[in-house]
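Let's take a walk through this fold together. Have a look at the sequence and the coordinates first, and then read on.

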Amino acid sequence: MKKIFLRLVLLPALAFCAFLCQSCNGFGKKNVKPMKLEFRLAYPDYCGMSCILVDIDNAYEAHNKANPENKVAKDDFYKNVYRPAHPELAEYDLLYTIDDAGRRNYDLISTKVEMTGGIKKASVDRTFFGQLEIQLEFNSEGAKQFGKITTDNVGKRLGIVLDGQLYAAPNLNEPILGGRAQITGNFTEEEAEELAAGLTAGK
């Protein structure tokens, strides 16, 4: 089963990288899988979030140690045990990015979706260095909405979530008004075409 790593870069005012290890098995040109793209704000206090993540880790380990016959996954522990006991986190999901070494890097992302879809077109191209890339273009309403979100939330982190998987949560240093994005990665032309088709179908 082939694995690919994707890098997502928003242009023109903000650049960031995130790696997603994704199985290509199950993709097919005849049955395009629509992909849901969401933009959600991340937990506002980054330092505070770091402390919360450490506490979640400690509580998770203690829970599984106390229940060796009934161990649970970390995501389930957060949803069913930790979050209900911490009402201040009621509106935050525990999501993660996957780095190029396959490690999970957890983050707290708001359950409120600021924007979904808004893609006018997703197409495949190549960079100056010949690397395949998927170019995303928001429709007029999507570009306007994305520009407003990034303008209203300068200084905050914005989570980019695709089919429930967190790609990145970069800091918004300034408004992003270009209405465009790029996904570059180590994939074949066929895989890039199928991913672009999935993003377009899910717009």
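**Overall make-up**

Keep in mind that this is a predicted model. The chain runs to 203 residues, and 44% of them are buried. DSSP gives four helices and 11 strands. If you take the contacts with a separation of 6 or more, 62% of them join residues 24 or more positions apart.

**The open sheet and the hairpin**

In what order do the four strands of the open sheet come? The order is 6-3-9-10, and the pairing is antiparallel. At the edges sit strand 6 (115-116) and strand 10 (165-168), each of which pairs on one side only. Strand 3 covers residues 37-41, and two bridges tie it to strand 6 in the antiparallel sense. Thr-116 in strand 6 is the bridge partner of Glu-38.

Over in strand 10 you'll find Gln-165. Gln-165 counts as buried because its relative accessibility is 15%, under the 20% cut-off. Its side chain reaches the backbone oxygen of Tyr-96 at 2.6 Å.

Strand 7 and strand 8 make a hairpin with five residues between them. Seven bridges hold that antiparallel pairing, and Ile-119 has Phe-138 in strand 8 as its bridge partner. In the turn, Gly-130 shows a positive phi of about 90 degrees.

Which residues of the largest nonpolar core touch the most other members? Out of 23 residues, the answer is Phe-39, Ile-134, Leu-136, Phe-146, Leu-158 and Leu-199. At least two residues each come from strand 3, strand 7 (119-126), strand 8 (132-138), helix 3 (140-152), strand 9 (158-162) and helix 4 (189-201). Helix 4 gives the most, with four residues. As background, nonpolar side chains tend to be buried together in soluble globular proteins.

Leaving aside its neighbours within four places in sequence, Phe-39 is in contact with Val-113, Glu-114, Met-115, Phe-138, Phe-146, Leu-158, Gly-159 and Ile-160.

**Aromatic pairs**

The model holds nine aromatic pairs. Here are two of them side by side.

| Pair | Geometry | Centre to centre | Between the planes |
|---|---|---|---|
| Tyr-60 and Phe-77 | tilted | 5.6 Å | 55 degrees |
| Phe-128 and Phe-129 | edge-to-face | 5.4 Å | 85 degrees |

The pair of Tyr-60 and Phe-77 links distant parts of the chain: Tyr-60 belongs to helix 1 (residues 46-66) and Phe-77 to helix 2 (residues 74-82), 17 residues apart. Both Tyr-60 and Phe-77 are buried. They also share one aromatic cluster with Tyr-78 and Tyr-82.

Are Phe-128 and Phe-129 buried or exposed? Phe-128 counts as exposed because its relative accessibility is 78%. Phe-129 is exposed too, with a relative accessible area of 76%.

One more ring deserves a look. The charged end of Lys-74 sits over the ring of Tyr-106, 4.1 Å from the ring centre.

Asn-64 is found in helix 1. Why does Asn-64 count as buried? Its relative accessible area is 10%, and buried means under 20%. A polar atom of the Asn-64 side chain lies 3.1 Å from the backbone nitrogen of Val-72. Setting aside neighbours within four places in sequence, Asn-64 is in contact with Lys-71 and Val-72.

Val-81 lies in helix 2. With 37% relative accessibility, Val-81 counts as partly exposed, so it falls between the 20% and 50% cut-offs. Beyond its neighbours within four places in sequence, Val-81 is in contact with His-63 and Asp-76.

Definitions and conventions
Residues are numbered from 1 along each chain as its sequence is written. This is a predicted model: local features need pLDDT of at least 70, side-chain atom pairs count only at pLDDT 80 or more; totals for chains, interfaces and linings use all residues. Side-chain values use heavy atoms; hydrogens and water are left out. Two strands pair if DSSP finds at least two bridges between them. A nonpolar core is a set of buried Ala, Val, Leu, Ile, Met, Phe, Trp, Tyr and Cys residues joined through side-chain atoms within 4.5 Å. Buried means under 20% relative accessible area, exposed over 50%, partly exposed in between (1.4 Å probe, protein chains only). Contact means heavy atoms within 4.5 Å. A polar contact is a pair of N or O atoms within 3.5 Å; within protein, one must be able to donate a hydrogen and the other to accept it, and residues adjacent in sequence count only if both atoms are side-chain atoms. Rings of Phe, Tyr and Trp (its six-membered ring) pair if their centres lie within 6.5 Å; planes under 30 degrees apart count as stacked, over 60 as edge-to-face and the rest as tilted. A charge sits over a ring if NZ of Lys or CZ of Arg is within 6 Å of the ring centre and within 35 degrees of the ring normal.
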